[in-house]
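Open the model in your viewer and follow the stops below.

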Amino acid sequence: VNRSNIAGLGLFSNRFISKKSRIIEYSGEIVGRAVADRREKYYSLIPIRKNDCYLFRLSEDQIIDATLISNMARFINHSCSPNCTSRII
């Protein structure tokens with residue numbers, strides 16, 4: 001985890017990762033859509049959390065909230081030209 005030019009902190013590798021390799025599992029608390037919506041609004045009101053909302057949609061009503069309970073995967077940033085993708089398994 002290091003400073004990112006995209007947004008705050010980012011996750012970087014210092015070694016080559018072959019195509020189709022599994023990099024890391026995104027972990028956190030699985031919540032429903034209504035809970036995720038409420039939490040997103042709540043997190044935005046906390047100055048230290050204002051830009052630190054880590055919600056990953058698994059399905060229409062299953063979202064992983066990695067804001068408080070998580071691992072390094074939450075620091076993988078969005079990119080318009082990504083070099084990795086997410087896969088739900």
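Which strands does helix H1 (residues 33–45) lie across? Select H1: the helix lies across S3, S4 and S5, running at about 115° to S3. Angles run from 0 to 180 degrees between N-to-C directions, with axes fitted to C-alpha atoms, for helices over the stretch in contact (heavy atoms within 4.5 Å). Helices (H or I, at least four residues) and strands (E, at least two) are DSSP runs, numbered from the N terminus.

This is a predicted model: local features need pLDDT of at least 70, side-chain atom pairs count only at pLDDT 80 or more, and totals for chains, interfaces and linings use all residues. Residues are numbered from 1 along each chain as its sequence is written, and side-chain values use heavy atoms, leaving out hydrogens and water.

Next, the sheet. It is open and antiparallel, with three strands in the order S3-S5-S4. Strands S3 (29–31) and S4 are the edges, each pairing on one side only; pairing takes at least two DSSP bridges. Three bridges join S3 to S5 (residues 62–65). Pick Ile30: opposite stands Ile64 in S5.

Now select Ser4, in the loop between S1 (2–3) and S2. Ser4 counts as buried because its relative accessibility is 14%, where buried means under 20% relative accessible area with a 1.4 Å probe, protein chains only. Beyond neighbours within four places in sequence, Ser4 contacts Leu9, Gly10, Phe12 and Asn77.

Last, go back to the sheet and centre on Ile30 and Ile64, which face each other across S3 and S5.

How values were computed:
Buried < 20%, exposed > 50% of the residue type's maximum accessible area, 1.4 Å probe, protein only.
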